[in-house]
Amino acid sequence: MAGSTTDGRVLRGEETRRAVLRRAVAIASVEGLGALSIGRLATDLGLSKSGVFAGFGSKEELQLATVRAARRIFADAVVAPVADTPPGLARARALCESWLAYSRARIFPGGCFFYEVTAEFDARPGAVRDALADCAREWHQVIADALADALATGGLRPDTDLDDLAFALVALLETANSQAVLHDEDTPYQRAGRLLLRLLRAEATDPADPALAQVLA
């Protein structure tokens, strides 16, 4: 009986933590990580402050847990859907299109969670900035690896600077997110879709090649 009671408490604790983090990522994507507080989350979810505090212990730990939760949501929304896309330019393009779809669909109410909170912490040394920097490096590397596969499979010119191209693609996506959220319109996403194709075509070995032309159509 004691074991069942303990298991029930653990499950309730896990459910509470998940509910808190779902609310936390939604708030932070609009208002920033600084807007998070144990009291606010408890009130929003109808929970006790002590119950929420027990799950995190400090505001910084709450912020870090929120970043980790957002990272999992991002991976599920952006990276996982293109896992079966063949390596090469097709996957590089698919990742970019998947990112635009993620921002467009408002998986996070404020658009891209990481765009919002990175601007808040980029000049503030500490564990939260380090966690956000790791997420940014990870996403850049996902794109760079996809481009490296495109180079290895003959889709990109041998002299392509993969890091420069990855940087340009990520910057384009983030600008589309910012402008779309600011102006509440879809045009920036459409423009970004056209421009990312121009960037890839400019570095492709032969954009007229039927196989590449299909990918870059």
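A charge patch here is made of residues with over 30% relative accessible area and no salt bridge, like charges being joined within 9 Å. In this predicted model, Arg191, Arg194, Arg198 and Arg201 gather in such a patch, of positive charge, on the surface. The protein chain has ten helices and zero strands, and a search of the whole structure finds ten salt bridges.

**Overall build**

- Read along the sequence, the elements of the protein chain give the pattern α-α-α-α-α-α-α-α-α-α.
- The C-alpha trace of the protein chain spans about 65 × 40 × 30 Å along its principal axes.
- Of the 217 residues in the protein chain, 38% are buried.
- Among contacts in the protein chain with a separation of 6 or more, 65% are between residues 24 or more positions apart.
- The protein chain has an accessible surface of about 11,200 Å², and carbon and sulfur atoms account for 54% of that surface.

**The positive patch**

- The patch consists of Arg191, Arg194, Arg198 and Arg201.
- One of its residues, Arg194, lies in helix α9, which covers residues 187-203.
- Arg194 has a relative accessible area of 44% and is therefore partly exposed.
- The 44% of Arg194 meets the patch requirement of over 30% relative accessible area.

**Salt bridges**

- In general, side chains of opposite charge can pair when their charged atoms come close.
- Glu138 and Arg71 meet through their side chains in a salt bridge, at 2.7 Å from N to O.
- This pair links distant parts of the chain, with Glu138 in helix α7 (residues 127-152) and Arg71 in helix α4 (residues 59-79), 67 residues apart.
- Both partners are partly exposed: Glu138 has a relative accessible area of 34%, and Arg71 has one of 36%.
- Asp134 forms a salt bridge with Arg137, and their closest N and O atoms are 2.6 Å apart.
- Asp134 and Arg137 are three residues apart in helix α7, so about one helical turn separates them.
- Asp134 is partly exposed at a relative accessible area of 45%, whereas Arg137 counts as exposed at 52%.
- A network is also present: salt bridges that share partners join Arg23, Glu31, Arg40 and Asp44.
- Asp44 and Arg40 are four residues apart in helix α2 (residues 38-45), so their separation is about one helical turn.
- Asp44 counts as partly exposed at 37% relative accessibility, and Arg40 counts as partly exposed at 25%.

- Arg106 is a residue other than glycine, yet its phi is positive, near 55°.
- Arg106 is found in the loop between α5 (89-104) and α6 (113-121).
- The relative accessible area of Arg106 is 27%, which means that Arg106 is partly exposed.
- Asp184 is not a glycine either, and its phi is positive at about 55°.
- The loop between α8 (162-183) and α9 holds Asp184.
- Asp184 has a relative accessible area of 68% and is therefore exposed.

- Cys112 is buried, with a relative accessible area of 4%, while Arg106 is partly exposed.
- The 4% of Cys112 is under the 20% limit for a buried residue.
- Leaving aside residues up to four places away in sequence, Cys112 touches Trp99, Tyr102, Ser103 and Asn177.
- Cys112 and Phe74 are 38 residues apart in sequence, and their C-alpha atoms are 8.8 Å apart in space.

How values were computed: Residues numbered from 1 in each chain as written. Predicted model: local features only at pLDDT ≥ 70, side-chain atom pairs only at ≥ 80, totals over all residues. Heavy atoms only, no water. Patch = residues over 30% accessible without salt bridge, like charges linked within 9 Å, V, L, I, M, F, W, Y side chains within 5 Å. Areas by Shrake-Rupley, 256 points an atom, 1.4 Å probe, with all protein chains shown as cover. Salt bridge = Lys/Arg side-chain N within 4 Å of Asp/Glu carboxyl O. Lys, Arg positive; Asp, Glu negative; His and termini not counted. Charge placed at Lys NZ, Arg CZ, Asp CG, Glu CD. Helix = DSSP H or I, 4+ residues; strand = E, 2+ residues; numbered from the N terminus. Buried < 20%, exposed > 50% of the residue type's maximum accessible area, 1.4 Å probe, protein only. Contact = heavy atoms within 4.5 Å.
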